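This report looks at the overall build of one protein chain and then at how its parts meet.

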Amino acid sequence: MLLGCIGDDFTGSSDLANTLSKQGMRVVQYTGVPEAPAARDVEAGVVALKSRSIAPADAVAQSLQALDWLLAQGCEQIFFKYCSTFDSTPEGNIGPVADALAERLDAHKVIFCPAFPGTGRSIYQGHLFVGDVLLSESGMQNHPLTPMTDPDIRRWLAHQTVHAVGHVSAARVLQGAEAISAALTAEHEAGRRMIVVDALQDADLMEIGAAAAGLPLITGGSGVALGLPRNFARDGRIAGTGSAWQGQAGKCVALSGSCSRATRDQVALHKKSHPAFEIIAADVIGGDLTAEQAACWLMDADGIPLAYSSADPEVVKEVQEKYGREASAKALEDFFAEVSRRLVAGGITKILTAGGETSGAVVEGLDLTTLEIGPEIDPGVPALRAGPDLVIALKSGNFGAPDYFGKAAAVLGQGA
Ligand SMILES: Nc1ncnc2c1ncn2[C@@H]1O[C@H](COP(=O)(O)OP(=O)(O)O)[C@@H](O)[C@H]1O
Ligand SMILES: O=C(O)[C@@H](O)C(=O)COP(=O)(O)O
């Protein structure tokens, strides 16, 4: 294994695996830190953690454990993947995890680049944009777990790291890899170890990738991983074949716990032509709706049935005020995990999940240990094979076109 990746959630990890696979690397996504060694032909390994919204000390401990395993597989470079919308709180977990990884790897020029132009995320003057609006006006200010109220990534990161935060401006990035390397060195010499790097387009990410050759630690969204496989390919060290894919026959169902704007639009469109079941948080928490009831409904319904708790920010706020933010999230995540177990036990072969935490709960609930990377459904969302009879797709809340659910079901069946 050449490139070792640590993802702070499951959708984000599959997004990264998708990018690396499209660039020709043989990639496997692992759920948590594997106990056994990786297969010999794996070129990039992505250890998916569910560490984005847990206590910072736990996120650090799990990330270091993942790092140990990746280093034991021979990895030469480590990539810490977090969300392209920099999902975190002033306490963490991006800063504390990056600090710990940098310490262990003795990394002194640590790039922070959440940009993902393919899905509209760009960084200019240290500020993160989603499309043409600042992060803090993009809807992410209402995120149920990590409300992003400050678009200045340098300032947001500074709350979280013990190190000084530096910056490489777009003006430097546009000058290419050599200029970026020089700027990173200048920041390092000025004592700034954590360095936010601007990026507006994929071409910038390729240059940043080239400048990152040989750096022990890179952090960011999947975008900045775009330029990394080329560093290994240049030395003839990757086979360049990516992974093979075979779809799956059978019924497809969708589960959505994401409350993002993009997902709510997808839910609204899907409902127009497919059966849909709204999961009311209070019913789940109060025990008035059981996972068995939801699973039975999904298995009996025609088309691509959807069960969703996705709700508008005011509804989410009300639920959180009444039951608590963590308690309501946990109740819904446990519910979706149990629904998915019942679906698979009932013979469902294709499952779509929307939402990072929700997808993590389902993957853990189903005890899926390794995921093979298949074709891309929409930017950042690949089809995944989870076992001989099960294919899945884990959609980040913010990703996907309005017709995502229908499209995803078709891709999961491709070639079957
Ligand atoms: N109706 C709801 N009320 C309160 N919390 C909700 C509701 N629906 C989902 N949630 C919780 O909100 C969180 C959404 O996060 P996630 O699944 O990561 O989606 P995203 O990818 O959009 O961030 C989850 O913890 C989920 O359980
Ligand atoms: O980088 C991204 O935007 C995604 O890969 C990601 O991390 C998704 O997180 P969720 O929005 O919580 O699914």
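The text below goes from the whole chain to the contact between its domains.

This is a predicted model, in which local features need pLDDT of at least 70 and side-chain atom pairs count only at pLDDT 80 or more, while totals for chains, interfaces and linings use all residues. Residues are numbered from 1 along each chain as its sequence is written, and chains are lettered from A and ligands numbered from 1 in the order in which they are written.

The protein chain holds 15 helices and 18 strands, where helices (H or I, at least four residues) and strands (E, at least two) are DSSP runs numbered from the N terminus. Its C-alpha atoms fill a box of roughly 60 × 45 × 35 Å along the principal axes. Of the 416 residues, 56% count as buried, that is, with 20 or more other C-beta atoms within 10 Å of their own, the C-beta atoms being placed from the backbone.

The domain assignment, automatic or from a database, gives two domains:

| Domain | Residues |
|---|---|
| domain 1 | 3-234 |
| domain 2 | 252-413 |

The C-alpha centres of domain 1 and domain 2 are 26 Å apart, and 27 residues of domain 1 are in contact with 31 residues of domain 2, contact meaning C-beta atoms, placed from the backbone, within 7 Å. On the side of domain 1 that touches domain 2, the elements giving two or more residues are helix 1 (10-22) and strand 2 (27-31), and helix 1 provides the largest share, 9 residues.

Terms used. Buried ≥ 20, exposed ≤ 12 C-beta atoms within 10 Å, placed from the backbone. Contact = placed C-beta atoms within 7 Å.
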